[in-house]
Amino acid sequence: MKTIDELLAAGVAGKRVFVRADLNVPLDGTTITDDGRIRAVLPTVKALADAGARVVVASHLGRPKGAPDPAFSLAPAAARIGELLSADVRFATDTVGDSAKATVAGLADGQVAVIENLRFNAGETSKDDAERGAFADQLAALADVYVGDGFGAVHRKHASVFDLPGRLPHYAGYLIATEVGVLKKLTDDVERPYAVVLGGAKVSDKLGVIDHLLEKADRILIGGGMAYTFLKAQGHEVGISLLQEDQIPAVLGYLKRAEEKGVEFVLPVDVLVSTEFPDLKTKAPANPTTVAADAIPADQEGLDIGPETRKLYASKLADAATVFWNGPMGVFEHPDYAEGTKAVAQALLDSSAFTVVGGGDSAAAVRILGFDETAFGHISTGGGASLEYLEGKTLPGLAALEN
């Protein structure tokens, strides 16, 4: 795919450059609680503005129902971009209507505008090619060039991600170029030993990536809610822990394949349990107890990996040359269940491996728990996109940029 460096070399002064970013940031009302995705696209936006482009930034936020919804406005993101750039960033109150047209028309060379949430228009996410294409046509009228830099959305066949690049000269921004380069190190050019840490709530969300990584990884460590389906598959009592019983046959198949291929599959040896889920708003003390992973009481719920598992996982990561981590080890949002996720993050930092944090809750945990983001090899901005890439799937947004 062509990159932004090629675009800059050709000159962009005076050109309207549409940047498809991923500004899908968490909000508490109108307050951004984690601006990581905004900061990730800034190098692309700044390089274009410094080169004299008239930059039009677009993104989705949340899941509005194809119509304007103030709760999902990109206005806070536009304001944050302005703060980070120390510049006046204009904001259009619609996507392709009068405000967007006037805002873009009023840009001077080197200025930046953000248009309203793309998902306020039903054409953005439509499964109908014609409806999606019609919206892409309207977006294309706002620009001369397209730069794709919203990695967190490249696995979606949406108008601004898939259809729009085919209507304009198109290039990959710095973020997408970096993300793809990193993911190739996890698939095509892997330094070994290669360890993978998978957590999160549902094993069903990770079946595809487990299937693919059984052909790539040397060891796979399992934590989070998904671990209890693995423990149940081994015949252990899991109490009232999160369980996907319908996935047990698939889990048993993966455990058997791992054994046949010599891939080390590592499961928790102890867990923190409680009779009730913790209050994440008040963060009132939960007072969990620690039990062996094969001895969870019938009325208890596993909510984090235990101290022996933390030591075990750290030892399994210590000699790795490459580590990919996606998914927390427990309910990290509550201090009583954050130690497992902290331990994995610290093990990555202590390792000399090339470490990749695979977006989503893992990336949020790194920031929320106070770790230095720059100390990791790479923190992805797209959890779902990273996983689908590692599954070997074709990502519509990347395919469009490569075309």
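Visitor: Which strands form the open sheet, and in what order?
Guide: Six strands form it, in the order β11-β10-β9-β15-β16-β17, and the pairing is parallel. Helices (H or I, at least four residues) and strands (E, at least two) are DSSP runs, numbered from the N terminus. Two strands pair if DSSP finds at least two bridges between them.

Visitor: And which strands stand at the edges?
Guide: β11 and β17 (378-379) do, each with a single partner strand, so one side of each has no neighbour in the sheet.

Visitor: Before we go on, where does this model come from?
Guide: This is a predicted model, where local features need pLDDT of at least 70 and side-chain atom pairs count only at pLDDT 80 or more, while totals for chains, interfaces and linings use all residues. Residues are numbered from 1 along each chain as its sequence is written, and side-chain values use heavy atoms, with hydrogens and water left out.

Visitor: Good. Back to the sheet: what does β9 pair with?
Guide: Strand β9 (residues 194-198) pairs with β10 in the parallel sense over four bridges. Five bridges join β9 to β15, and those two run parallel as well.

Visitor: Is β9 buried or exposed?
Guide: β9 is mostly covered: five of its five residues are buried. Buried means under 20% relative accessible area, exposed over 50%, and partly exposed in between (1.4 Å probe, protein chains only). Y194, V196 and L198 are on one side of β9, with A195 and V197 on the other.

Visitor: Why two sides?
Guide: In a regular strand, side chains alternate between the two faces of the sheet. Strand β10 (residues 219-222) also has both faces covered, with R219 and L221 on one side and I220 and I222 on the other, all buried.

Visitor: How does the chain get from β9 to β10?
Guide: β9, helix α8 (residues 207-213) and β10 make a right-handed β-α-β unit. Right-handed means that, with the strands pointing away from the viewer, the path from the first strand over the helix to the second runs clockwise.

Visitor: What about the two ends of the sheet?
Guide: β10 pairs with strand β11 (residues 264-266) in the parallel sense over three bridges, and L221 stands opposite V266 in β11.

Visitor: Switching to helices. How many residues of α14 are buried?
Guide: Seven of the eight residues of helix α14 (residues 383-390) are buried, so α14 is largely enclosed by the rest of the structure. The buried ones are G383, A385, S386, L387, E388, Y389 and L390. They pack against α7 (174-185), α8, β15 (322-326), α13 (360-368) and α15 (396-402).

Visitor: And what follows that helix?
Guide: α14 is followed by G392, whose phi is positive, near 90 degrees.

Visitor: New topic: where is D22, and is D22 buried or exposed?
Guide: D22 is in the loop between β1 (16-20) and β2 (27-28). D22 is buried, with a relative accessible area of 4%.

Visitor: What does the side chain of D22 make a polar contact with?
Guide: The side chain of R37, at 3.4 Å. A polar contact is a pair of N or O atoms within 3.5 Å; within protein, one must be able to donate a hydrogen and the other to accept it, and residues adjacent in sequence count only if both atoms are side-chain atoms. A polar atom of the D22 side chain also lies 3.1 Å from the backbone nitrogen of N24.

Visitor: Last one: how many residues are in the largest nonpolar core?
Guide: The largest nonpolar core has 62 residues, and I115, F230 and F265 have the most contacts inside it. Such a core is a set of buried Ala, Val, Leu, Ile, Met, Phe, Trp, Tyr and Cys residues joined through side-chain atoms within 4.5 Å. Its largest share, five residues, comes from helix α10 (residues 248-261).

Conventions
Contact = heavy atoms within 4.5 Å.
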